[in-house]
Amino acid sequence: MSLLERAERNIDAVAWQGEIPIQNRYTVGLAGERFLRELKESGRLLGSRCPECDYVYVPPTLYCERCFEKLDDWIEVGPEGTVVSFTIVTQALDGTPLADPDILALIRLDWADSLLVHRLGKVSLDELEIGLWVKPVLKPKNRREGSILDIQYFAPAYHEE
Amino acid sequence: MGMRKVAVVGAGMTKFVRRAQETGKELSYEAAKMALDSCELTLEDVDGVALGTAPDAFDGVHMKGEYLSDGAGAWRKPFMRSYVGGGTGVFAPIQGWYHVASGLFDVCLVVCEEKMSSCQPHPQGAFLTIFDHTTERPLGPNLLWIFALEMNRYMQTHGLQKKDIALVSVKNKRNAADHPCALLPEPNITVEDVLNSEVLAWPVQRLDVSPVTDGAVALVLASENVAKRITDKPVWIKGVGWSLDSAHWTNRDLYYPKYVEYAARMAYEMAGIREPRKEIHIVEPYDPFDYKELHHLEGLLLADKGDAPRLTAEGVTARTGNMPVCPSGGLLGVGNPIAAAGLMKVAELFWQLRGEAGKRQVPGKPITGLAQAWGDLMQVGTVIILGIGG
Amino acid sequence: MSSKIKEYPGVALHESDFAEKKVLYTTWEPNARYAWDTGVAIGRYLAELKRGHIVGTTCHACRRIVVPPRVFCEWCFRPMDEWVYLQDQGVVNTFSLCHVRWDMERVKEPLIPAVIEIAGASKGMGILHLLGEVDPTEVHIGLQVQAVWKPARQRTGAITDIRYFKPSN
């Protein structure tokens with residue numbers, strides 16, 4: 001009988017338990033700072049455009065990975081966009097079922113080339129499809145903190161408020 | 001051996017800072033772009049990228065190599081990440097070297113990046129895992145222990161005093177005053193300042209230690225035909241060497257880094273160097289702690305065992321001495337973003353040998369220089385020798 | 001080119017920039033918990049510690065007796081031949097007086113980590129442990145020390161079954 005067969009969980013074998021005691025603190029970076037500050041203050045979504053290849057990055061980047069040019073051409077994108085792909089998440093990270101499934105989507109904002117990953121909301125499973133036209137639903141300005149979560153979710157763009 | 005000649009043709013670096021606002025990708029980009037611009041190459045000219053960076057825990061990004069790759073200029077290119085502890089910064093250009101020497105690439109970009117400030121409350125939380133999780137970590141170690149234990153053994157074996165070693169910290173932090181990217185330049189520091197600084201883990205005191213740092217450095221390596229086309233000042237990679245000792249660090253006498261000697265002998269042989277003390281004109285040994293510079297000079301056979309402190313005291317290793325050591329300011333003065341720190345040393349040789357080091361320029365037109373890095377549980381030695389002419 | 005560049009990139013932040021929210025950032029706590037299998041050699045090492053013994057292994061090719069034990073000789077790259085009981089005493093190979101914890105907070109009484117060459121193993125074969133019951137100013141390389149064990153019923157099969165080493169009488 002192999003060790004793996006005998007030990008259904010690895011702590012059943014003779015094991016020493018421990019952890020790596022770290023937390024992470026990530027700056028959002030130079031491009032991220034400008035993107036998220038604008039989102040917080042004005043609710044506008046910005047992309048960075050490469051003068052060489054015209055590619056528009058959202059979230060914006062400091063440089064074009066294709067041409068290696070430094071980017072300082074900032075343009076407003078969206079706010080509407082199109083769902084390029086989606087998934088319906090029914091379990092939390094620990095495997096417990098979610099009461100309300102989480103719908104995550106890759107969204108190409110109007111005027112952007114790269115894709116933004118975010119959450120969909122106020123959308124029924126019937127209408128959920130690739131190609132769905134969506135728009136961001138922001139937190140009220142006084143609750144925005146300069147985070148990607150200042151966008152609460154993207155909702156179908158043709159819904160009435 | 002049928003290997004092609006390889007030159008360093010460009011270099012770039014960011015400032016070394018305690019906490020950078022830039023993301024790791026952005027730091028990598030700034031250094032890589034500066035290196036390419038310095039030799040007027042573009043991303044299209046780059047055949048492959050060699051990246052060096054410490055384990056993912058420091059930046060807090062899993063698959064950190066892949067994450068950094070686009071900032072390192074590797075979009076849709078052959079890309080390799082290597083890691084041999086603190087030795088990485090000198091290993092990354094060795095990896096770049098063999099890709100060009102083999103004929104596989106004509107131009108290889110080498111990038112080293114570290115963003116240690118992401119690691120809270122202190123990067124030591126990640127360093128702890130260097131100790132054996134079962135037989136050592138339960139004792140409550142911290143990273144300083146291995147340095148303190150090695151330093152004490154080195155001092156005891158040779159009958160050295162703290163003041164003999166503090167001179168290294170003074171020299172390097174003063175040298176760093178002339179480095180535009182330095183984190184801890186101290187133009188007026190004295191031996192007394194070092195000896196009076198806070199005792200962390202005796203014999204290690206605060207000013208014996210290099211700081212936690214963010215930063216990135218990049219080099220452009222090119223084959224001979226490319227190098228001669230784009231610059232009239234190629235700096236050739238004359239020799240490389242590396243060696244790892246066992247991780248059973250408590251079974252070795254730490255007074256002498258035998259693995260550094262093995263790495264150095266490999267590099268000297270490749271470079272055709274028979275008398276290193278005469279033929280190496282400028283040295284950038286790894287100095288995360290002041291005694292390490294001395295330890296490594298001895299391992300590199302550039303000083304007799306136990307004699308490196310005397311060379312330091314007599315000014316031989318000063319920027320204007322017969323064998324300038326860490327004219328950059330080293331890790332003690334410029335900073336210690338793990339992998340980037342080692343590559344900074346190689347960039348320093350590049351600038352020094354081309355006569356472009358500004359206020360840091362060593363006199364006497366050096367033609368051969370050696371950079372060395374070290375890492376993990378007193379076990380990694382990496383060595384590169386650069387030279388002009390020939 | 002170092003001397004030709006006037007301004008290098010890199011924006012230095014101060015800790016207060018985070019506290020005062022002058023800069024945007026996110027935080028994350030990785031749930032980095034592990035259970036490391038002890039393996040064959042260290043598994044037996046721990047089991048013997050629980051019984052009050054320090055055990056090593058020996059390689060008949062290079063004739064070394066090593067501790068901590070391993071199942072293969074990294075010099076000869078062949079299996080170790082025998083388990084060997086060592087003495088619970090030794091000599092200090094090197095030591096430090098450590099005043100800070102890993103997060104750099106200062107501690108009141110210094111910890112005294114040491115590499116202790118274990119009697120009965122080959123020369124230079126040490127383990128990492130702590131010294132205790134000793135005036136820090138009296139510690140020196142070459143000091144003869146002996147293990148101070150936890151009482152048998154408190155031992156769990158861990159390196160800390162030896163509380164520390166103290167000077168031999």
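Which residue just after α15(B) takes a positive phi? I went to the end of that helix and found B:Gly355, with phi at about 75 degrees. A reminder to myself before going on: this is a predicted model.

**Entry 1: helix α15 of chain B**

Having started at its end, I looked at the helix itself. α15(B) covers residues 338-353, 16 residues in total. I get 24 Å from the first C-alpha to the last, close to the 22 Å expected at 1.5 Å a residue. Is it buried or exposed? I found 16 of the 16 residues buried, so the helix is largely enclosed by the rest of the structure.

**Entry 2: the five-stranded sheet in chain C**

Next I traced an open sheet in chain C, with strands in the order β12-β11-β8-β13-β14 and antiparallel pairing. Its edges are β12 (126-130) and β14 (162-167), each of which pairs on one side only. On average, neighbouring strands here are turned by 45 degrees against each other, direction ignored. I then followed one pair: β11 (residues 113-118) runs antiparallel to β12(C), over five bridges. Within that pair, C:Ala114 stands opposite C:His129.

Which helix packs on this sheet? I was pleased to find that it comes from chain B: α6 (residues 144-158) touches β8 (89-95), β11 and β12 of chain C. The direction of α6(B) makes about 95 degrees with that of β8(C).

**Entry 3: the three-stranded sheet in chain A**

Over in chain A I noted an open antiparallel sheet with the order β4-β3-β5. The edge strands are β4 (56-57) and β5 (73-77), and each pairs on one side only. Strand β3 (residues 45-49) pairs with β4(A) over two bridges, in the antiparallel sense. A:Ser48 sits opposite A:Tyr57 of β4(A). Here the packing helix is α2 (residues 29-42) of chain A, which touches β3 and β5. I read about 150 degrees between the direction of α2(A) and that of β3(A).

**Entry 4: where chain A meets chain C**

How many residues does each chain bring to the contact? I have 24 residues from chain A and 24 residues from chain C. Together the two chains bury about 2200 Å², with 58% of it on carbon and sulfur atoms. On the chain A side, A:Trp16, A:Arg25 and A:Tyr26 supply 28% of the area buried against chain C, more than any other three residues.

I also checked charges across this contact and came away with two salt bridges. C:Arg33 pairs with A:Glu19, and their closest N and O atoms are 3.2 Å apart.

Most residues other than glycine have a negative phi, and most peptide bonds are trans. I went looking for exceptions.

- A:Gly78 and A:Pro79 are joined by a cis peptide bond, omega being about 0 degrees; A:Pro79 is in the loop between β5 and β6 (81-91) of chain A.
- The bond from B:Trp202 to B:Pro203 is also cis, with omega near 5 degrees; B:Pro203 lies between β6 (199-202) and β7 (204-205) of chain B, in the loop.
- C:Phe77 has a positive phi near 55 degrees. I place it in the loop between β5 (72-73) and β6 (78-79) of chain C, and at 70% relative accessibility C:Phe77 counts as exposed.
- C:Glu133 has a positive phi too, about 50 degrees.

**Entry 5: salt bridges**

My search of the whole structure gave 50 salt bridges over all chains. I stopped at a few of them.

B:Asp307 and B:Arg310 meet at 2.8 Å, N to O. B:Asp307 is buried at 18% relative accessibility, while B:Arg310 is partly exposed at 39%. In chain C, C:Asp81 pairs with C:Arg78, again with a closest N to O distance of 2.8 Å. I list C:Asp81 as partly exposed at 32%, and C:Arg78 as partly exposed at 29%.

C:Glu133 turned up again here, in a salt bridge with C:Lys166 at 3.9 Å between the closest N and O atoms. Why note this pair? C:Lys166 lies in β14 and C:Glu133 in the loop between β12 and β13 of chain C, so the pair ties together parts that are 33 residues apart in sequence. C:Lys166 is partly exposed at 22%, whereas C:Glu133 is exposed at 54%.

Notes: Residues are numbered from 1 along each chain as its sequence is written. Chains are lettered from A and ligands numbered from 1 in the order in which they are written. This is a predicted model: local features need pLDDT of at least 70, side-chain atom pairs count only at pLDDT 80 or more; totals for chains, interfaces and linings use all residues. Side-chain values use heavy atoms; hydrogens and water are left out. Helices (H or I, at least four residues) and strands (E, at least two) are DSSP runs, numbered from the N terminus. The expected span of a helix is 1.5 Å times one less than its number of residues. Buried means under 20% relative accessible area, exposed over 50%, partly exposed in between (1.4 Å probe, protein chains only). Two strands pair if DSSP finds at least two bridges between them. Axes are lines fitted to C-alpha atoms, for helices over the stretch in contact, and angles run from 0 to 180 degrees between N-to-C directions. Contact means heavy atoms within 4.5 Å. Buried area is the accessible area (1.4 Å probe) that two parts lose on being put together, summed over both. A salt bridge is a side-chain nitrogen of Lys or Arg within 4 Å of a carboxyl oxygen of Asp or Glu.
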